[in-house]
Amino acid sequence: MKPDDKLPENPEGLRLLLQALVDGELDAAAVLEIERRLAGDPALAAEHARIAAVSGAVRRLPRPEVSEAFRARIAAIGEEVTAAPQPATRHVTAPQVSPFDWRAMAASIMIAAVLASGGTWWAMRPVPTNFADAVADAHRRGLLAASPVDVASSDRHTVKPWLDGRIGVSPPAVDLAAEGFKLIGGRVEVVDDVPLPALVYRYNEHLITLVAAPRGSKAGTGTPARADLSAGGFSVVHWSDDAFSYWAVSDAERHVLDDFGNRFRKATAKE
Amino acid sequence: MSGRLAGERFREVVLPHLPDALSLARWLTGNAHDAEDVVQEACLKAHAGIGTYAGGNARAWLLTIVRHAAYTWLAKNRPRNLVAVGGLSDLDELAPQPDAANTPEAALLEKADANALQVAIAALPLAFREVVVLRDVNGLGYREIAQMLDVPIGTVMSRLARGRGTLILELGKGQ
């Protein structure tokens, strides 16, 4: 008996067609024909069920886990140009990063030389003259904007990836809500033409903007060592760790900001 | 492409597909540790060549690079596993012919033990194994696989059929 359809006669051809049906690679007309044939041919239907079953079993196999360490190693490949290397990933990216470090070092030597020969300071102007002012301006803009944050979330696991996705660098977004400083979100701050990640915290009715400049980037290098900075009526506190140079700005009282800085440092040291 | 742009592109195009990249590398190299080395190597290449990614299926693009890296790795570390790829016509003889007498029921296959299935996949000749993995683990279509392997779609279909046919028979044995 010859079925009146255009399906192949040889079993091998039919098997490929069954398989294409399982894989969703047939057009509607072919699906219709082969389904009609399947309905009247139990052996063919059993073969179809076997192919579907083995395909499904392979599909359901457990996938290898992507460990955090591995993901970080791979992410570091994309970050080597745009951000300072994290210490943990340094061994992976070291060959690519070394010229970068070298330039940063050369720059800091130059800054030292410039500082030493005070007269040429203005002629050279190698670094932003007052980063604290620029950060305070950024904070003021944030207060004036419709929303002080571009991504509003108290969840650090939302804010950090958002910043990573936007500019490829994000500081540790520690949660200090229990200590009175609630993370409300993050935004991208452009200071001296460099896009930098900024976290925004709320303390009572005060907002605190925390700008983090990756160490080794041009932003925030050569900053004065004095801890007491204030600009444009805002308190500014500055500190650094291995990965970032931090600038916290707020209209809150100075001791509040100091307290924030200490708690943030303590929390990031634990991470 | 500037470094910053390349870095952004890399994160968009590559990072979401790491699980797929690791799965493919795992099935090609045979173990998870070597898979990480292969994927890292592939990601370095992907980053360097991110400018050549012209849109389209990012997963297929990355997996093509991973496959190349895996073959390079195999050539260096497991040259014997690659021998079969040269003469695929020999493989036709290896491929089982469907035989109604000892083919298991679909219901048995559905309940197949995951370990037995993994052993059976690992035992497949590389040319069949990679097509099965690209299709059912990585979810690529026939056309994408054909492009990646640089073979006609018909070849992809018959390798897939042979790969699956072997798995069906192997699983049937264990029942």
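Helices, of at least four residues, and strands, of at least two, are taken here as DSSP runs and numbered from the N terminus. The legends below describe a predicted model.

Figure 1. Read along its sequence, chain B follows the pattern α-α-α-α-α-α-α-α-α-α-α, with eleven helices and zero strands. Of the 175 residues in chain B, 53% are buried, and among the contacts in this chain with a separation of 6 or more, 70% are made by residues 24 or more positions apart. The secondary structure of chain A, in turn, consists of nine helices and seven strands. Buried residues account for 44% of the 271 residues in chain A, and residues 24 or more positions apart provide 57% of the contacts in chain A with a separation of 6 or more.

**Figure 2. Close-up of strand E4 (residues 206-214) of chain A and the two strands that pair with it.** Strand E3 (residues 194-203) of chain A pairs with E4(A) in the antiparallel sense over six bridges, and within this pairing A:Tyr203 stands opposite A:His206 of E4(A). The two strands E3(A) and E4(A) form a hairpin with two residues between them, and A:Asn204, which lies in the turn, has a positive phi of about 50°. E4(A) is also joined by seven bridges to strand E7 (residues 244-250) of chain A, and these two strands likewise run antiparallel; here A:Leu210 stands opposite A:Ala248 of E7(A). Because eight of the nine residues of E4(A) are buried, this strand is largely enclosed by the rest of the structure.

**Figure 3. Close-up of the crossing between helix H4 (residues 68-79) of chain A and helix H2 (residues 18-29) of chain B.** The axes of the two helices come within 12 Å and cross at roughly 105°. Since angles of 65 to 115 degrees count as roughly perpendicular, H4(A) is therefore described as roughly perpendicular to H2(B). On the side of H4(A) the contact is made by A:Phe70, A:Arg71 and A:Ile74, and on the side of H2(B) by B:Leu18, B:Pro19 and B:Leu22. Sorted by class, the contact of H4(A) with H2(B) comprises five nonpolar residues, no polar residues and one charged residue.

Figure 4. When its neighbours within four places in sequence are left aside, B:Trp61 is in contact with B:Val13, B:Val14, B:Ala46, B:Gly49, B:Ile50, B:Thr52 and B:Tyr53. In soluble globular proteins, nonpolar side chains tend to be buried together.

Figure 5. The C-alpha atom of A:Asp155 is separated by 8.0 Å from that of A:Asp175, although the two residues are 20 residues apart along the chain.

Note on methods:
Residues are numbered from 1 along each chain as its sequence is written. Chains are lettered from A and ligands numbered from 1 in the order in which they are written. This is a predicted model: local features need pLDDT of at least 70, side-chain atom pairs count only at pLDDT 80 or more; totals for chains, interfaces and linings use all residues. Side-chain values use heavy atoms; hydrogens and water are left out. Buried means under 20% relative accessible area, exposed over 50%, partly exposed in between (1.4 Å probe, protein chains only). Two strands pair if DSSP finds at least two bridges between them. Axes are lines fitted to C-alpha atoms, for helices over the stretch in contact, and angles run from 0 to 180 degrees between N-to-C directions. Angles under 35 degrees count as roughly parallel, over 145 as roughly antiparallel, 65 to 115 as roughly perpendicular and the rest as oblique. Contact means heavy atoms within 4.5 Å. Ala, Val, Leu, Ile, Met, Phe, Trp, Tyr, Cys and Pro count as nonpolar, Asp, Glu, Lys and Arg as charged, and the others, Gly among them, as polar.
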